Amino acid sequence: MRILVCVKRVPLTGGKMVLTADEQALETRHLGFTISPHEECGVEEAVRIVEDQGGEVSVLTLGPAEAEEQIRDSLANGADRGVHLVTDGEEWDPQATAAAIVETVRAEESAGGGFDLIVFGNESADAGNYQVGIRVAYALGRPIATGLKGLSVADRRARCEQEVPGGRDIYELPLPAVVSVLEGINLPRYPSVPAKLRARSKPVESSTPERPAPKLERLRLVVPPGQGKQAEILGNGADAAPAVVEMMRDIGVAG
Amino acid sequence: VSVVVLVEHESGSPDELSLQALALARDLGSPLHALVVGAAVTELGAYGVETVHVAEDDRLSTYAPAAWAACLDQLIDRVQPTAVVAAGTNRGNEVLGHLAARRDLPFAANCIAVGSDGTVTRVRWGGSLLEEARIDSDLKLLSVAPHMVEAAAVNGGSASVETLDPAVDEADLVVRVVEHAETPSAGISLAEAKVVVSGGRGVGSADGFGMLEELAGLLNAAVGCSRVVTMAGWRPHTDQVGQTGTKVAPDLYIACGISGATQHIAGCKGAKKILAINSDAEAPILSSADYAVIGDLAEVVPAITAELRKAQSS
């Protein structure tokens, strides 16, 4: 099995959204960064399939030079190699992102053989565009199932499970295929120290694609109203219990 | 300047989120055309729909995203709309993603408003941040973020119904639901509970959730948790409230030992009231909560449970 997982570097936002002065981005000077959660599970899912069936997991990201950190994290968690499309940090819209990924997949496949499976997160934590994986699937002429909470691969078919009210919907896709997964499909491992060390020497290829003009153009970001409420303190410690129960009675939930 | 709206339904009764999508679509132009797949939805006239196009075909008896997108594609050719709108549901976003890919058009997911100049406001970070954006296309594709736009009836008559004979080919049916597995329900569901008792890092361990379970039992509440808790393996992901977990809307959300990261608030801000129990009076959760108790939750939670038991027995 050859599997490609596409991941995105996003800030760990903490308790409050703070914008840069030009309202074009989050102020990230004091923030750490991570792999967008659904994609973190995508890496884990791909690594588990390859551990079980053999093969290779490649991890691709489109992002600034610093996004190599997220590639290395993926390599520490079991991926074999990285592909880094290096940007200047400006955000790419979904169409441009998909086009850059498609171009890379084509080049990778003509050099190293086809990917049986390409894995995305259902939507990125920050932009939440819900579409890059679908666009890539169409451009490559491959089937896609989205929002997966279960995935198993056997006999050149992917059995895909989606959580829906009351149960699960099942799809059966012939390989090669594209899937997008949700957090909760697995519990990603924590990398061991030796695994982190090994990740340093795994190969990462990089290139610098040109960003086309966006068709979905961000004009500015806005912090929604409601951030910064002041809670009414009902009390301190166990002594607050009567006031809490009174509040529950007032709003009609005390049972 | 007609507008096409994908209306999802349950046996002919329109989904609330699709009615919200219709409300936003009315700001984009008229007449409104609705596409429904599988069964006629007749009550849409009251929501401003002029024509309901019904795609009925045995091959559409189970959900197939590409086939639904093919129906929209066909309807675009028929009514030449300036916009195609869907609810920002799993299926709504998926089908518009397919349509966008088929036509190589931009698609703005989870919008909450449209401006007169064609700009949209959409949600990022599960609603913790908003973005004003321009869609550079004559035909605009957009979905409507759930529970951000009020569904409202207008003085509309009854909608006319037309049949859409779907031009669906085999390639559009490769990805379709082939099986549905029922999951036996286990108690009160998180998404529908009137009260949710939720725990974060401050609970300290998987065992620590015992006292939350006890309180939840008295309140007919569901037990939830933060992402930190599921990542630590203390609770299953199905219990997680947040941007990448379940979004809840109870009458009361009790956040025990939860710091209040935006990722978590995105999942519980739909609650009518939030009570935070936290040892840190400076925790970010206090600026999202209506009420707070400052203290060690290992003392506060059992005290509330005891007080409630006393009140319920008297």
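## Close-up views of a predicted two-chain model

**View 1. Arg168(A) is partly exposed, with a relative accessible area of 21%.** In these legends, a residue is called buried under 20% relative accessible area, exposed over 50%, and partly exposed in between, the area being computed with a 1.4 Å probe on protein chains only. The side chain of Arg168(A) meets that of Glu161(A) in a salt bridge, with 2.8 Å from N to O; the term salt bridge stands for a side-chain nitrogen of Lys or Arg within 4 Å of a carboxyl oxygen of Asp or Glu. This is a predicted model, in which local features need pLDDT of at least 70 and side-chain atom pairs count only at pLDDT 80 or more, while totals for chains, interfaces and linings use all residues. Residues are numbered from 1 along each chain as its sequence is written, chains are lettered from A and ligands numbered from 1 in the order in which they are written, and side-chain values use heavy atoms, with hydrogens and water left out.

**View 2. The side chains of Glu172(A) and Arg157(A) form a salt bridge of 3.6 Å, N to O.** Glu172(A) belongs to strand E9 (residues 167–174) of chain A and Arg157(A) to strand E8 (residues 157–164) of chain A, so the pair ties together parts that are 15 residues apart in sequence. Helices (H or I, at least four residues) and strands (E, at least two) are DSSP runs, numbered from the N terminus. Both partners are partly exposed, Glu172(A) at 25% relative accessibility and Arg157(A) at 37%. Elsewhere, salt bridges that share partners join Glu90(A), Glu91(A), Arg218(A), Arg122(B), Arg124(B) and Glu131(B) into one network.

**View 3. Within helix H1 (residues 37–53) of chain A, Arg48(A) and Glu44(A) lie four residues apart, about one turn of the helix.** The two residues form a salt bridge whose closest N and O atoms are 2.7 Å apart. Over all chains, a search of the whole structure finds 41 salt bridges.

**View 4. Strand E7 (residues 144–154) of chain A is largely enclosed by the rest of the structure, because nine of its eleven residues are buried.** E7(A) pairs with E8(A) in the antiparallel sense over six bridges, where two strands are said to pair if DSSP finds at least two bridges between them. In this pairing Leu148(A) stands opposite Gln162(A) of E8(A). The hairpin of E7(A) and E8(A) has two residues between the strands, and here Asp155(A) takes a positive phi near 50°. E7(A) also pairs with E10(A), in the parallel sense and over three bridges, with Ala145(A) opposite Val179(A) of E10(A).

**View 5. Glu183(A) lies in the loop between strand E10 (177–181) and helix H5 (193–200) of chain A.** Which residues does the side chain of Glu183(A) meet in polar contacts? One partner is the side chain of Arg227(B), at 2.5 Å, and another is the side chain of Thr244(B), at 2.8 Å. A polar contact is a pair of N or O atoms within 3.5 Å; within protein, one atom must be able to donate a hydrogen and the other to accept it, and residues adjacent in sequence count only if both atoms are side-chain atoms. The side chains of Glu183(A) and Arg227(B) also qualify as a salt bridge, at 2.5 Å from N to O. Glu183(A) is buried, with a relative accessible area of 1%. Leaving aside residues up to four places away in sequence, the residues that Glu183(A) touches include Pro37(A), His38(A) and Cys41(A) as well as Met231(B), His237(B) and Gln240(B).

**View 6. Across the interface, 82 residues of chain B are in contact with 82 residues of chain A.** Contact here means heavy atoms within 4.5 Å. The two chains bury about 6800 Å² between them, 58% of it on carbon and sulfur atoms, where buried area is the accessible area (1.4 Å probe) that two parts lose on being put together, summed over both. In chain B, Trp125(B), Glu132(B) and Met231(B) lose the most area to chain A, together 10% of what that side buries. Between the chains there are eight salt bridges, and 39 residue pairs are in polar contact, both residues at pLDDT 80 or more. Strand E13 (residues 232–236) of chain A and strand E17 (residues 291–294) of chain B run parallel and are joined by four bridges, in which Glu232(A) has Tyr291(B) as its bridge partner.
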